[in-house]
Amino acid sequence: MSYVGPDFDPPQPRRSRRGPLTVAVAALVPGALAGWLVWQAVADDSGGGSAPQQARGATSSAAGSPTASSTGASDSKESSPTSSAPAAPTPLKGKVVVIDPGHNPGNFQHTAEINRKVDIGTNSKECDTTGTATNAGYTEAQFTLDVSRRLRTILQQQGATVKFTQNGDRSWGPCIDERAEIGNKAHADAVVSIHADGAGAGQRGFHVILPGTVHDGAADTRPIVATSRDLGERIAGNFARETGTAPSNYIGDGTGLDVRTDLGGLNLSTVPKVFIECGNMRDSQDAARLTSGAWRQKAASGISDGIMSFLRE
Ligand code: ZN
């Protein structure tokens, strides 16, 4: 199948990362650590056996389901400069979050365009990839847009300005270099790229991908490595707690964290940025979660809690 692309290839064994990742766990901030401890308490849930929430989002409650709003903060038609509405708590007021829904539902029909190579500093790489899908055909691109829209709703409720790299509103892409540039030009305080993996059956759980140090060509991640790690650790801890999902059993040595230097979307970022692979679409147990609207709402909530924790520091 042509699903597998560079963004989510089951990475080659990266056992050499054990050292840094182990250190990373030790360095977890207290908030994130609390999340991890909670995760440990619920980790038994991951092994299987537990009936997944009803698939297909039958219980999805539509809370945070995609709404018509596309541009976020500027929807207000009220021209009154001084609204008298009671002030809602807006702890993220003034903060800019860019959400990057991985892939694009239209990429499958635009393989020539997305296969074009773009410069990611360290080397050149395909503009974009199709992403993966569950065995039943629920695509990663559908998944990423749904989680991203739920995430946007939560962050906007907290007062953040939210921008998307794509909202299913263009026929393909954007390319990974443009995705990075959107975050950079927005001077985003945090960027999260939403994905789900396409690994083998039996490989389960989520992981957050952090930028490694790259200084080559147009890529220079040195200023964002530490802040991105902080962001990623907070997202991982909160995601585990909110979803009750265990970190990946096939990458990251159980930390739920991975460091990569081969992703253009990270290499070219000048602002704190991470990817999250929310689960493995090719595993039936993970797929049951990923196809549940209720679970996706928890996923969005966990990611937003991580972002909020990071931005309120
Ligand atoms: Zn992906």
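These notebook entries record what I looked up in one predicted model.

**Entry 1: Ground rules**

I noted that the model is predicted, that local features need pLDDT of at least 70 and side-chain atom pairs pLDDT 80 or more, while totals for chains, interfaces and linings use all residues. Residues are numbered from 1 along each chain as its sequence is written, and side-chain values use heavy atoms, with hydrogens and water left out.

**Entry 2: The zinc site**

Which residues coordinate the zinc ion? I found His-103 through NE2, Glu-140 through OE and His-195 through ND1, at 2.0 to 2.1 Å. Donors here are N, O and S atoms within 2.8 Å of the metal (3.2 Å for Na, K and Ca); water is not among the atoms, so the site may look incomplete. Along the sequence, the donor residues follow the spacing H-x36-E-x54-H. Two of them, Glu-140 in helix H4 and His-195 in strand S5 (residues 190–197), link distant parts of the chain, 55 residues apart. Helices (H or I, at least four residues) and strands (E, at least two) are DSSP runs, numbered from the N terminus.

I then checked burial, where buried means under 20% relative accessible area, exposed over 50%, and partly exposed in between (1.4 Å probe, protein chains only). Glu-140 counts as buried because its relative accessibility is 0%. His-195 is also buried, because its relative accessible area is 2%.

Helix H4 covers residues 140–157. Its 18 residues reach 26 Å from first C-alpha to last, close to the 26 Å expected at 1.5 Å a residue; the expected span is 1.5 Å times one less than the number of residues. Of the 18 residues in H4, 15 are buried. Gly-159 follows H4 with a positive phi near 100°.

Helix H6 (residues 225–243) has 19 residues and should span 27 Å at 1.5 Å a residue; its end C-alpha atoms are 26 Å apart, which agrees. Just after H6, Gly-244 has a positive phi of about 70°.

**Entry 3: Salt bridges**

I counted a salt bridge where a side-chain nitrogen of Lys or Arg lies within 4 Å of a carboxyl oxygen of Asp or Glu. By this rule there are 14.

Arg-241 has a salt bridge to Glu-242, with the closest N and O atoms 3.4 Å apart. Arg-241 also meets Asp-305 in a salt bridge at 3.3 Å, N to O. This second pair joins helix H6 to helix H9 (residues 293–311), across 64 residues. Arg-241 is partly exposed at 30% relative accessibility, and so are Glu-242 at 24% and Asp-305 at 22%.

What separates the two partners of the bridge between Asp-262 and Arg-260 in distance? The gap is 2.9 Å, N to O. Asp-262 is partly exposed at 29%, whereas Arg-260 is buried at 3%. Finally, Asp-100, Asp-128 and Arg-179 are linked in a network of salt bridges.

**Entry 4: Nonpolar cores**

A nonpolar core is a set of buried Ala, Val, Leu, Ile, Met, Phe, Trp, Tyr and Cys residues joined through side-chain atoms within 4.5 Å. The largest has 39 residues, and those with the most contacts inside it are Phe-143, Ile-194, Ile-303 and Ile-307. H9 gives the largest share of this core, 8 residues. A second, separate core of 11 residues includes Trp-172, Cys-175, Ala-180 and Leu-268.
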